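Please look over the sequence and the structure before going on.

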Amino acid sequence: MTTQNKKGTRRAFAAVYPSWFYLPAAIIFGILFLFPTFASLFFSLTRWTLFKYSFIGLDNFRQFFSEPFLVWGLINTLIYAVVTSGSKVVLGMLLGILLTSNVMMRGLLRAIVFFPVLVSTIGVGITFTMLMHPTNGLINDVIAVFGIKGPAWLTDPRFALLSVAFVDVWKGVGLATVIYIAGIVSIPAEYYEAAKMDGANALQRFWNVTLPLARPATVTVIILSLIGGLRSFDLIWAMTKGGPGFTTDVVASVIYKQYQSGFYGLSTAGNVVLFVLVAAIVVPLSFVLNRREVEA
Amino acid sequence: MTHAISRRLLVAAAAGSALALSFASSAFAEVKLTFLVDNAPATVKASEALAAAFHAKNPDITVEVESRPGGGEGDNIVKTRLATGEMTDVFMYNTGSLFHALNPQQNMLDLTDESYQSDIMDTFKSVVSENGKIYGAPFRTTMGGGVLYNKKIYAELGLKVPKTWAEFMQNNAVIKEKTKAAPVIQTFKDTWTSQLFFLGDFYNVLQAAPTFPDDFTANKAKFATTPAAMKGFEHQAEVFKAGFLNEDFGSASYDDGLRMVSTGEGAHYPMLTFAIGNLFENYKDNLDDVGFFALPGDDAANNGLTVWVGEGVYGYAQTEHPDEAKKFMAFVASKDGCDVQTEAIGALGPYMTKSCTLPEDVPSPTKDLVSYFAEGGKNAPALEFLSPVKGPALEQITVEIGSGIRSPIDGAKLYDEDVRKQALQLDLPGWE
């Protein structure tokens with residue numbers, strides 16, 4: 001669809017309803033979205049105790065960027081987003097291929113891979129916290145059968161962030177798989193037949209047919225999981241609360257802790273920063289990915 | 001036609017129910033108060049016992065106990081409810097630095113002229129007052145921050161309660177060599193438990209640097225540059241480095257810690273003595289195997305305890321029933337109130353009401369605690385009662401120091417930064 005087209009449709013809609021028809025939605029939008037957005041921009045410039053506030057200009061932003069754990073939080077956020085997003089693309093693609101093949105009980109298997117998506121994140125977090133307990137968790141018990149002493153998954157700073165990322169992938173890969181299934185199913189069978197006629201083997205068919213033609217699915221999965229990873233909070237909070245110490249802090253958990261400590265202005269400034277950060281990464285990315293799609 | 005009938009019916013029904021409502025409220029002139037407390041089992045039990053005993057004395061007032069999480073999450077709930085005008089009639093909250101952050105003059109009932117004030121110790125009044133007005137009534141007992149230890153292990157190995165840090169480390173070495181027990185228990189799943197080596201050392205800090213609290217509040221003294229104030233961080237790092245911790249220190253919880261120290265899986269657990277209430281609740285059979293001592297410093301002759309004044313009960317300024325709320329607070333602060341609490345959760349320490357007494361047969365750790373308040377015992381308040389400045393990230397910093405992720409000096413510098421934010425938020429002079 002070209003931009004020309006989009007403009008055309010928008011103008012057509014504008015003529016359909018009189019302006020009072022938009023009023024209810026506009027009021028809801030104003031109260032629930034517009035007002036809080038501007039209020040938060042304002043309060044990010046104040047020192048705010050909920051009982052009173054004083055205007056301090058950009059001091060909160062200066063403070064936020066000089067937070068010693070913020071740098072770590074930013075690095076962790078990026079690592080977490082890239083690792084989870086990348087794993088979801090690769091695993092989702094492989095599972096998508098498996099579950100569009102003529103495998104037995106395909107419907108059931110598809111349901112099973114999607115099941116973790118439906119479970120509450122906090123519940124998953126608490127369950128895995130128990131499974132990953134260093135001395136009496138199931139995972140290390142199983143590893144111990146082979147005579148290996150498993151690490152402290154969530155409390156060793158070397159493993160903690162990746163352990164949480166692993167659980168995030170387990171929980172989220174179902175959605176990626178479903179998107180890939182839809183993408184792969186929509187590829188016309190003729191392409192595969194033609195490729196076979198040309199003598200392409202399985203790997204070549206995957207590389208030259210499935211991969212490029214499932215591109216829209218890949219774009220969707222990357223963008224969705226990257227946004228999810230950048231603003232991830234619930235799973236990390238349920239499993240490590242940013243710990244041990246600050247080692248699994250991400251931007252969102254830094255902001256939450258500031259809010260908890262009563263630094264309301266500062267944490268609001270943090271949210272403004274997070275908003276800008278997510279937008280700065282995702283908008284260009286989506287632009288680049290979508291443009292290539294048009295060119296292809 | 002149908003229209004008219006249904007409307008008439010509707011009006012009649014509405015009038016009827018309005019009548020019924022007004023009748024109900026005039027027939028039962030009963031007042032219901034809500035009391036917000038933290039959700040630690042011992043707190044809830046003591047609060048419910050107080051509510052029941054108060055109702056028995058005042059049948060026209062019912063007190064309903066509502067619980068909320070503790071720690072930072074609880075602070076947040078209390079602040080938000082105050083700011084949005086949704087606070088309960090009476091609520092429990094910390095005294096000292098956290099109390100000041102609630103803006104008491106605007107949010108709390110003034111209790112200065114209550115008749116029971118002469119029966120309350122000055123120590124308590126000073127930590128629930130602002131600009132000469134008293135806002136809180138004492139709830140529960142004074143606590144000590146020190147070390148809960150397993151007396152059976154001490155008896156078996158013939159160890160003596162340490163009076164200096166060096167003796168403490170020696171005891172740990174003996175325990176490590178001769179038993180399977182962990183010499184020192186740490187439970188970083190509940191991050192707040194990691195702060196005791198640091199916060200509980202404040203009696204010793206005060207002996208070496210008596211002006212530290214005032215200088216610290218005025219931004220003239222820093223932890224990183226005050227050697228005495230660094231000791232707590234350094235001790236915590238030493239214990240980790242020596243390999244004295246329980247294997248699962250990173251994922252063990254507060255309750256695990258209590259189990260370990262009471263059953264002898266571990267020997268020492270740095271903790272606040274309110275834990276005696278949880279021991280009483282969950283490990284009653286082992287309670288008398290547990291003892292308590294102050295965190296030792298360098299000087300055996302000057303060994304003393306860091307003390308936390310107990311929580312306060314506060315009345316919400318905008319409650320619809322200020323008189324009943326004050327009546328309830330008066331009951332909590334009375335000798336009867338103390339006795340009800342002692343019966344519900346055991347005798348945990350000295351009460352802040354002068355007429356309150358402890359029974360003869362207090363649990364073993366309480367006996368040790370009380371000795372620091374008796375003739376010849378030494379104690380001093382924790383820093384949070386001498387300075388309004390307390391950094392919110394301390395528990396993460398002590399977790400890092402206690403698990404070898406960060407060095408003590410780095411941790412101290414980080415904490416000095418953290419504290420600055422709080423001082424700015426409180427608008428204290430000398431900070432920017």
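Q: In strand β3 (residues 90-93) of chain B, which residues point the other way from B:Val90 and B:Met92?

A: This is a predicted model, and in it every one of the residues named for β3(B) is buried, on whichever side of the strand it lies. In a regular strand the side chains alternate between the two faces of the sheet. With B:Val90 and B:Met92 pointing one way, the residues that point the other way are B:Phe91 and B:Tyr93.

Q: Which residue of β12(B) is the bridge partner of B:Val90?

A: Strand β3 of chain B is joined by two bridges to strand β1 (residues 31-38), with the two running parallel, and there B:Val90 is the bridge partner of B:Phe35. Four bridges join β3(B) to strand β12 (residues 312-315), and this pair runs antiparallel. B:Val90 therefore has a bridge partner in β12(B) as DSSP assigns bridges, and that partner is B:Gly315.

Q: How many charged residues are on the side of domain 1 of chain B that touches domain 2 of chain B?

A: Domain 1 of chain B covers 30-142 + 309-359, while domain 2 covers 144-306 + 368-425, and their centres, taken over C-alpha atoms, are separated by 28 Å. Between them, 15 residues of domain 1 of chain B are in contact with 19 residues of domain 2 of chain B. On the domain 1 side, α2 (41-57), α3 (71-83) and α4 (97-100) of chain B each supply at least two residues. By class, that side has eight nonpolar and seven polar residues, and the number of charged residues is none.

Q: Which element supplies the largest share of the side of chain B that touches chain A?

A: In the contact between the chains, 28 residues of chain B meet 23 residues of chain A, and the chain B side divides into eight nonpolar, 11 polar and nine charged residues. Helices α3, α18 (394-402) and α19 (408-425) of chain B each supply at least two residues of that side. The largest share is seven residues, and the element that supplies it is α3(B).

Q: What percentage of the residues in chain A are buried?

A: Chain A has 14 helices and two strands, and its C-alpha trace spans about 75 × 70 × 30 Å along its principal axes. Among contacts in chain A between residues at least 6 apart in sequence, 70% join residues at least 24 apart. Of the 296 residues in chain A, the buried share is 35%.

Notes
Residues numbered from 1 in each chain as written. Chains lettered and ligands numbered in written order. Predicted model: local features only at pLDDT ≥ 70, side-chain atom pairs only at ≥ 80, totals over all residues. Domains from an automatic or database assignment. Contact = placed C-beta atoms within 7 Å. Nonpolar A, V, L, I, M, F, W, Y, C, P; charged D, E, K, R; others polar. Buried ≥ 20, exposed ≤ 12 C-beta atoms within 10 Å, placed from the backbone.
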